[in-house]
Amino acid sequence: MVTGATAQEIDAKADEVLRAMSDYLAGLSTFSVTADASTDILLRNGAKIQVTATGDLVLDRERGFRVVRTGPAGENTIVFDGSAVSIASEALGVHFSLPAEGSIDTAIDEVRSVLGTEVTGGADLLYANPYEGLMFDVESGQYIGEVTLGGVSAHHLFYRAKDIDWQLWVRSDGDPIPVKYVITSKWMTAAPAFSVQLWNFEPGVATDDSSFSFTPPEGSKEIDPTTTDGQAILGEG
């Protein structure tokens, strides 16, 4: 459901591509993908630096998901097994769990409510209905054109929402797989952005319950996720 824009403000081609991508992802029971993510960090002296991390995701809509990503803060693991989200920082030697009974949507929302949206950048694409979440507060949408990105041909979409602008590149040959996603904060100083480039996308991967089991790293200390230490676990990676 479009909450902020009329049909006339959404380019028909942009909407067609976005719906096709969303329907494709929603229709997959399992998939895996590798993501290179970058986040702009604004320093007090006015400098803007980009923090990067690479992560591998395996998702099963019935069982859960596992993300292992490596960045400046070392290796981090996020696992959802249908009843809880567990997060560990091997580099910091700490871990914690958040109750999240039910769906992947519930798990993502719980992590965002406790730790903020920064640690779940790109998770909009993992919801059961990606289209609905992406279109929240959207004011306009534009089809930019077809480009080559990462060696593949892709549709380039540009959307404006109330507080952010976002862009999405969707593969134009074969299945409508997302290949890049960029979110830019419109009203923050220096307009910091988050971007994620997706590759090695594999639908229909085999999983079992052990794929989403969580065992804390040896010697890891359990902490309270509502504390400053808990909120900082994934801040750099």
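This is a predicted model: local features need pLDDT of at least 70, side-chain atom pairs count only at pLDDT 80 or more; totals for chains, interfaces and linings use all residues.
I'll start with helix α1. It spans residues 12–26, which makes 15 residues. From its first C-alpha to its last it reaches 21 Å, close to the 21 Å expected at 1.5 Å a residue.

Which residues of α1 are buried? They are Ala14, Asp15, Val17, Leu18, Met21, Ser22, Tyr24 and Leu25. What do these buried residues pack against? One partner is a helix, α3 (130–134). The others are β7 (138–149), β8 (152–161), β9 (164–171), β10 (178–185) and β11 (193–203).

Next, the aromatic residues. Searching the whole structure gives five aromatic pairs. One of them is Tyr24 with Phe201, a tilted pair with 6.4 Å centre to centre and 40 degrees between the planes. Tyr24 belongs to helix α1 and Phe201 to strand β11, so this pair ties together parts that are 177 residues apart in sequence. Both Tyr24 and Phe201 are buried.

Phe65 and Phe80 also pair: their ring centres are 5.7 Å apart and their planes are at 40 degrees, so this pair is tilted too. Here Phe65 sits in strand β3 (residues 64–71) and Phe80 in strand β4 (residues 74–80), 15 residues apart. Phe65 and Phe80 are both buried.

Back to Tyr24 for a moment. Together with Phe31 and Phe201, Tyr24 forms one aromatic cluster.

How do β8 and β9 run relative to each other, parallel or antiparallel? They run antiparallel, joined by seven bridges. Phe158 stands opposite Gln167 in β9. The hairpin that joins β8 to β9 goes through two residues.

Strands β9 and β10 pair in the antiparallel sense over seven bridges. In this pairing, Leu168 is opposite Tyr181 in β10. β9 and β10 also form a hairpin, with six residues between them. In that turn, Gly174 has a positive phi of about 80 degrees.

Notes: Residues are numbered from 1 along each chain as its sequence is written. Side-chain values use heavy atoms; hydrogens and water are left out. Helices (H or I, at least four residues) and strands (E, at least two) are DSSP runs, numbered from the N terminus. The expected span of a helix is 1.5 Å times one less than its number of residues. Buried means under 20% relative accessible area, exposed over 50%, partly exposed in between (1.4 Å probe, protein chains only). Contact means heavy atoms within 4.5 Å. Rings of Phe, Tyr and Trp (its six-membered ring) pair if their centres lie within 6.5 Å; planes under 30 degrees apart count as stacked, over 60 as edge-to-face and the rest as tilted. Two strands pair if DSSP finds at least two bridges between them.
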